[in-house]
Amino acid sequence: LAAVELADHFLGEAQKKGNSEDVSLKESAERAASWYQKAQGYSGLLAVEKQLLLINQGNAEELVQNYSASLASYEKAYQLKGNAKALALLGVGRSQEALEEKEKAAQSYEKVFMEFASTEYAKTAKMYWRRLKSPLLNAGVSS
């Protein structure tokens, strides 16, 4: 529990700093990711708790633009049984998009709105998918 509290604290600090070039943002996000990873070592975690820790770890990695690591965290979270699969899959898509894997990202977003159609995540995924697929939004952009 202490590891989660520390991780949440550092993630909150990093999120407050936003997208600034501040070195302390990177330090806070890296500390958060590290503490989330340590918290996952607790053997008494429920699948959904581990899933949420992995998602938060992915969020911390995204803040420092470590997209390969965030993708790995989100993919692990998606594989677990829990209620946060749609959230994890949105993270997969965002990370794939940041890694310039646009078609994979579109497939991930499509999977969200197909598998979790009645959720708010589906609406968000549909918006992201349309942005990637729209000829108007991609005019003049080479893939």
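Colleague: What does the side chain of Q57 make a polar contact with, and how do I read that?

Modeller: A polar contact is a pair of N or O atoms within 3.5 Å; within protein, one must be able to donate a hydrogen and the other to accept it, and residues adjacent in sequence count only if both atoms are side-chain atoms. Here the side chain of Q57 pairs up with the side chain of Q40 at 2.6 Å. Before we go on: this is a predicted model, so local features need pLDDT of at least 70 and side-chain atom pairs count only at pLDDT 80 or more, while totals for chains, interfaces and linings use all residues. Residues are numbered from 1 along each chain as its sequence is written, and side-chain values use heavy atoms, with hydrogens and water left out.

Colleague: Where does Q57 lie, and is Q57 buried or exposed?

Modeller: Buried means under 20% relative accessible area, exposed over 50%, and partly exposed in between (1.4 Å probe, protein chains only). Q57 has 9% relative accessibility, so it counts as buried. You'll find Q57 in helix α3, residues 47-63; helices (H or I, at least four residues) and strands (E, at least two) are DSSP runs, numbered from the N terminus.

Colleague: Which residues is Q57 in contact with, leaving aside neighbours within four places in sequence?

Modeller: Contact means heavy atoms within 4.5 Å. For Q57, that gives A33, Y36, Q37, Q40 and S73, once neighbours within four places in sequence are set aside.

Colleague: How many salt bridges does a search of the whole structure find?

Modeller: Side chains of opposite charge can pair when their charged atoms come close. We call it a salt bridge when a side-chain nitrogen of Lys or Arg is within 4 Å of a carboxyl oxygen of Asp or Glu. Searching the whole structure turns up 6 of them. One joins K26 and E30, with the closest N and O atoms 3.8 Å apart. Both residues sit in helix α2 (residues 23-39), 4 residues apart, which is about one turn of the helix. K26 is partly exposed at 44%, and E30 is partly exposed at 40%.

Colleague: What about the side chains of R131 and E97?

Modeller: Those two meet in a salt bridge at 2.3 Å, N to O. R131 belongs to helix α7 (residues 120-133) and E97 to helix α5 (residues 85-98), so the pair ties together parts that are 34 residues apart in sequence. R131 has 33% relative accessibility and is partly exposed, whereas E97, at 12%, is buried. Another salt bridge links E100 and K102 at 3.9 Å; E100 is exposed at 59%, and K102 is partly exposed at 35%.

Colleague: Which residues have the most contacts inside the largest nonpolar core?

Modeller: A nonpolar core is a set of buried Ala, Val, Leu, Ile, Met, Phe, Trp, Tyr and Cys residues joined through side-chain atoms within 4.5 Å. The largest one has 21 residues, and I55, Y109, V112 and A125 have the most contacts inside it. Helices α3, α4 (67-79), α5, α6 (102-115) and α7 each supply at least two residues of this core.

Colleague: How many helices and strands does the protein have?

Modeller: Count 7 helices and 0 strands. As for burial, 35% of the 143 residues are buried.
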